[in-house]
Amino acid sequence: MLLLTRRRHQSIMIGDDICIQVLGIMGHHVELGITAPKNISVHREEVFLALKEENKASAQTQWIDFKRVMKKIKNSKKGI
Amino acid sequence: MDESAISIKPIAEESSSVETFNISDKDIFYFNEGLVGFSLSRRFALIKPAEAREGLYLLHSLDEPGLRFPLVSSSLFPSKYRFTLTLNDLASIDLRDINDASLYAVMTIPTHVKNEVWLNLQAPLVVNKKNQQAKQIILDGKLFPIRFRVEI
């Protein structure tokens, strides 16, 4: 892992076009400004990991369970 | 238009049936970034199983055998579900007219609770019907839950 020390308003470049700037430091919180090309997705790690886990859980759906749900929803009067 | 068939392997040991779906070119969608955590799978077929009611689909990978996601279309979403697409999101699937868009949520079927399903409303799938480009959008903040519980 590369370790860098930055002060407020200093930045880090990743490649040619991703820039991460330290905007402010408040106690244990660091405020970062990120500039990146449109095709680069930027997300908080915990959000990304949670979504990855949820997609994984969905992908593990067994056909038999999907069939059960299809049947149940079809017969249900209240809908989904 | 070429029709190809996708086979879903029997899941239950005792089941010998293989589910086969016919798909045509118009059912194929391109996720240029894949789904979150599944970036290697780009091409998917959107399948409506014969026994499914309106609004239930399977998103079946054409790149990774066996990878598929149950989906629910927005017609079955809670009515208060509204969000704004960012310019980046619009650009990434070249969406110029909102009427060309369809919206889906990835559904998780919990195995330990039999009377509910979960819809991922924080990361919906937006599909551009015109060019068949699609993207799993990640909505910021805590507007909508990853697990929106729906009783069935």
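This is a predicted model: local features need pLDDT of at least 70, side-chain atom pairs count only at pLDDT 80 or more; totals for chains, interfaces and linings use all residues.
Figure 1. Gln136(B) sits in strand β9 of chain B, which covers residues 133-136. Which residue does the side chain of Gln136(B) join through a polar contact of 2.8 Å? The partner is the side chain of Asn55(A). A polar atom of the Gln136(B) side chain also lies 3.0 Å from the backbone oxygen of Ala123(B). Leaving aside neighbours within four places in sequence, the residues in contact with Gln136(B) include Phe31(B), Leu35(B), Val36(B), Val106(B) and Leu125(B).

**Figure 2. The interface of chain B and chain A.** Let us step back to see where the two chains meet. The size of an interface is often given as the accessible area lost when the parts come together. Here chain B and chain A bury about 3,600 Å² between them, and 64% of that is on carbon and sulfur atoms. Three residues, Arg53(B), Ile109(B) and Ile152(B), supply 16% of the area that chain B buries against chain A, more than any other three residues. The contact takes 46 residues from chain B and 30 residues from chain A.

Figure 3. Between chain B and chain A, 9 residue pairs are in polar contact. How many salt bridges does the rule find across the interface of chain B and chain A? The count is 1. Glu54(A) forms a salt bridge with Arg147(B), and the closest N and O atoms are 2.8 Å apart. Several elements of chain B give two or more residues to the side that touches chain A, among them β2 (19-23), α1 (87-92) and β10 (148-151). The largest share of that side, 5 residues, comes from β8(B). Sorted by class, the side of chain B that touches chain A has 30 nonpolar, 8 polar and 8 charged residues.

**Figure 4. Nonpolar cores, and Met107(B) in one of them.** The largest nonpolar core has 33 residues, and Phe77(B), Met107(B) and Leu119(B) touch the most other members. Both chains contribute: α2 (63-75) of chain A gives two or more residues to this core, and so do β2, β4 (43-47), β5, β7 and β8 of chain B. Which element gives the largest share of this core? That element is α2(A), with 5 residues. Now look around Met107(B), leaving aside its neighbours within four places in sequence: its contacts include Phe66(A) and Val69(A) from chain A, along with Leu56(B), Val72(B) and Trp118(B) from chain B. A second, separate core of 17 residues includes Leu46(B), Leu67(B), Leu125(B) and Ala134(B).

**Figure 5. Gly24(A) in a strand of chain A.** Gly24(A) has its place in strand β2 of chain A, residues 18-26. Is Gly24(A) buried or exposed? With a relative accessible area of 7%, Gly24(A) is buried. Beyond its neighbours within four places in sequence, Gly24(A) is in contact with Arg8(A), His29(A), Val30(A) and Glu31(A). Arg6(A) is 18 residues from Gly24(A) along the chain, and their C-alpha atoms are separated by 11 Å.

**Figure 6. Salt bridges within each chain.** Side chains of opposite charge can pair when their charged atoms come close. Over all chains, the structure holds 9 salt bridges. In chain A, Asp65(A) and Arg68(A) meet in a salt bridge at 3.7 Å, N to O. These two residues are separated by about one helical turn, because they are 3 residues apart in helix α2 of chain A. Asp65(A) is buried at 10% relative accessibility, whereas Arg68(A) is partly exposed at 23%.

In chain B, Glu33(B) pairs with Lys135(B), with the closest N and O atoms 3.7 Å apart. This pair links distant parts of the chain, 102 residues apart: Glu33(B) is in the loop between β3 (28-31) and β4, and Lys135(B) is in strand β9. Glu33(B) is partly exposed, with a relative accessible area of 34%, while Lys135(B) is buried at 11%. Glu33(B), Asp89(B) and Lys135(B) are linked in a network of salt bridges.

Arg96(B) and Asp94(B) also form a salt bridge, their closest N and O atoms being 2.8 Å apart. Here Arg96(B) is exposed, with a relative accessible area of 72%, and Asp94(B) is partly exposed at 36%.

Terms used: Residues are numbered from 1 along each chain as its sequence is written. Chains are lettered from A and ligands numbered from 1 in the order in which they are written. Side-chain values use heavy atoms; hydrogens and water are left out. Helices (H or I, at least four residues) and strands (E, at least two) are DSSP runs, numbered from the N terminus. A polar contact is a pair of N or O atoms within 3.5 Å; within protein, one must be able to donate a hydrogen and the other to accept it, and residues adjacent in sequence count only if both atoms are side-chain atoms. Contact means heavy atoms within 4.5 Å. Buried area is the accessible area (1.4 Å probe) that two parts lose on being put together, summed over both. A salt bridge is a side-chain nitrogen of Lys or Arg within 4 Å of a carboxyl oxygen of Asp or Glu. Ala, Val, Leu, Ile, Met, Phe, Trp, Tyr, Cys and Pro count as nonpolar, Asp, Glu, Lys and Arg as charged, and the others, Gly among them, as polar. A nonpolar core is a set of buried Ala, Val, Leu, Ile, Met, Phe, Trp, Tyr and Cys residues joined through side-chain atoms within 4.5 Å. Buried means under 20% relative accessible area, exposed over 50%, partly exposed in between (1.4 Å probe, protein chains only).
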